[in-house]
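Me: I would like to learn how to read helix packing and ligand contacts from a set of coordinates. Could you take me through one example, feature by feature?

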Amino acid sequence: MTPTDTAGTAGAAAVAVAFTAHFGHAPDGLWQAPGRVNLIGEHTDYNEGLVLPFAIDRTTTVAVAARSDRRVLLASAFGAAAPVEFDLDTFNPETFEPGPAGAWAAYPAGVAWELERAGVSVPGFELFVSSDVPVGAGLSSSAALECAVASALAALAGADLAATDLADIGRRAENNVVGAPTGIMDQYASMLGAEDCAVYLDCRDGSFARVPLGLEEAGLVCLVIDTKVSHAHASGGYAARRASCARGAELMGVAALRDLGAADLPRAESILDGETFRRVRHIVHENERVARTAGLLESRGAAAIGALLDASHRSMRDDFEISCPELDLAVDTARAAGAIGARMTGGGFGGSAIALVPGPDIGRVEEAVQQAFAGHGFRAPDIFAVRAAAGARRL
Ligand code: GLA
């Protein structure tokens, strides 16, 4: 058993104890799902393109028990003391108001609702959730919660759904109940992750392959730099980028930006306004970078992908305009201090950057980034290493 397994088991036992303290009896079972970082392929998912995320060793655990009625009681290690309650028969996503302390409850409620809409008859249930995926850091704490809950409720209902179906239930909960217009990448990464592998996913047809990352063989560590600038996907920039991409595809006469290649860019430049063109150029080049990164991982290993990560960051900064001063500083400083490649990860406008760092340089990179942030008067970032870990599972 690895040290992480030991910690996971102890953590799971604590979640079972907390469940029992809340509900007065033991849970039927525990399910766990990870957050993710995206190695490369940003905002390509809803353009039916390519992504290369991996599940990380930061997880959300739910303890769940079925009830004999249709009531749902949701409690957490981070919300209000009293559980959020509702009835599956009267649940209405339009009017569901769990209040600020229970805002997280929209995710499990949404998953239950979407499972029912998909024809699964979900029993009433009690649920306790605990997580060490930081919230608002661009590491998909929401997908981790959705995937843990979807796995748990499908099991309670005796429904035999594929991991990809559960991922889709999670995405629909996020789109239709939480109200964030996100794509499919995060849930696929959380459901399909594997030790030391990235998930190379084609978001057009859902086909995927697990690509060995080989960070250890390459002597590299993936550092996450959480800038503590919180992002909110339900509002603002993310939806605006999605709308620009849809407009670009429509004006170019294609079903999705996935259908465009570098050879189409001169025509795109001649018919699109400058901003839409830059959004389109990012997507076209980012899809190419994802394919090249997956190829390089297989042919030459992780040490060869640094320049592609750097190029991806520049494209997000200059063409897609989803970075921010803190993310740019994290990336530039990490590179200058020894990282072989670095980029922001996730939806953008805050959240985290990743940096691939040779083992001996980790301390130097961390110190340089902390100092640079202090020097700019930015909030101190959280810096930690992540490993590519397994996807959702029953404990
Ligand atoms: C968020 C969304 C994903 C994806 C990324 C950007 O994480 O949830 O679907 O669009 O942003 O790549």
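Predicted model: local features only at pLDDT ≥ 70, side-chain atom pairs only at ≥ 80, totals over all residues.

Me: How do α2 and α3 pack, and at what angle?

Reply: The general idea is to take the angle between the two helix directions and the distance between the axes together. Here helix α2, residues 106-117, packs with helix α3, residues 141-156, at an angle of about 45 degrees, and their axes are 9 Å apart. Because angles of 65 to 115 degrees count as roughly perpendicular and those under 35 as roughly parallel, α2 is oblique to α3. The crossing of these two helices is right-handed.

Me: Which residues make the contact between α2 and α3?

Reply: On the α2 side the contact is made by Tyr 107, Pro 108, Val 111, Ala 112 and Leu 115, while α3 contributes Ser 142, Leu 145, Glu 146, Val 149, Ala 150, Leu 153 and Ala 154. Sorted by class, this contact of α2 with α3 has ten nonpolar residues, one polar residue and one charged residue.

Me: Are α9 and α10 roughly parallel or roughly antiparallel to each other?

Reply: Here the direction of each helix has to be kept in view. Helix α9, residues 306-318, and helix α10, residues 325-336, pack at an angle of about 155 degrees, with their axes 11 Å apart, and they are therefore roughly antiparallel to each other. The crossing in which α9 passes α10 is left-handed. Asp 310, His 313 and Arg 317 in α9 meet Leu 327, Asp 328, Val 331 and Arg 335 in α10, and by class this contact has two nonpolar, one polar and four charged residues.

Me: Which residues come nearest to the ligand?

Reply: For a ligand, one looks at the surrounding residues and then at individual atom pairs. Of the 13 residues around the ligand, Glu 42, His 43, Asp 45, Asp 186 and Tyr 238 come nearest. A polar side-chain atom of Glu 42 lies 2.7 Å from an oxygen atom of the ligand, whereas for His 43 a backbone N or O atom lies 2.7 Å from a ligand oxygen atom. A polar backbone atom of Gly 183 is 2.9 Å from an oxygen atom of the ligand.

Notes:
Residues numbered from 1 in each chain as written. Heavy atoms only, no water. Axes fitted to C-alpha atoms, helices over the stretch in contact; angles between N-to-C directions. Helix = DSSP H or I, 4+ residues; strand = E, 2+ residues; numbered from the N terminus. Parallel < 35°, antiparallel > 145°, perpendicular 65-115°, else oblique. Left-handed = near helix turned anticlockwise from the far one by under 90°. Contact = heavy atoms within 4.5 Å. Nonpolar A, V, L, I, M, F, W, Y, C, P; charged D, E, K, R; others polar. Near = heavy atom within 4 Å. Polar contact = N/O pair within 3.5 Å; in protein donor to acceptor, adjacent residues only side chain to side chain.
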